[in-house]
Amino acid sequence: MLLAASGTSSLMLIIGVVIVAVLLALFYFGRRQAARRPDPPQEPQPRADSWEEPDQEPPKSR
């Protein structure tokens with residue numbers, strides 16, 4: 001019984017290490033891709049803070 005328990009625990013340890021390694025690799029490659037993306041434009045964009053659809057009329061003032 002002790003051999004089966006130690007074999008299972010070592011298998012679970014190996015699986016855990018592989019999962020952590022895969023997650024770290026994904027994080028590393030994701031950061032590299034994010035660094036390659038261009039920065040958003042710094043100047044104001046047209047209709048950037050508009051809540052209206054282009055085909056709607058502006059609200060009438062009272």
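In which helix does Leu-11 lie? Leu-11 lies in helix 1, which spans residues 2-36. This is a predicted model, in which local features need pLDDT of at least 70, side-chain atom pairs count only at pLDDT 80 or more, and totals for chains, interfaces and linings use all residues. Residues are numbered from 1 along each chain as its sequence is written, and side-chain values use heavy atoms, with hydrogens and water left out.

- Of the 62 residues in the chain, 0% are buried (under 20% relative accessible area; exposed is over 50%, partly exposed in between, with a 1.4 Å probe and protein chains only).

**Nonpolar patch**
- Leu-11, Met-12, Ile-14, Ile-15, Val-18, Ile-19, Val-22, Leu-23 and Leu-26 make a nonpolar surface patch of about 870 Å².
- Patch residues have over 30% relative accessible area and no salt bridge, with nonpolar side chains joined within 5 Å and like charges within 9 Å; a salt bridge is a side-chain nitrogen of Lys or Arg within 4 Å of a carboxyl oxygen of Asp or Glu.
- Leu-11 counts as partly exposed because its relative accessibility is 48%.

**Aromatic pair**
- The chain holds one aromatic pair (ring centres within 6.5 Å; planes under 30 degrees apart are stacked, over 60 edge-to-face, the rest tilted, using the six-membered ring of Trp).
- Tyr-28 and Phe-29 form this edge-to-face pair, at 5.4 Å centre to centre and 65° between the planes.
- Tyr-28 is partly exposed at 49% relative accessibility, and Phe-29 is partly exposed at 46%.

Key:
Accessible areas come from the Shrake-Rupley method with a 1.4 Å probe; for residues, only the protein chains shown count as cover. Helices (H or I, at least four residues) and strands (E, at least two) are DSSP runs, numbered from the N terminus.
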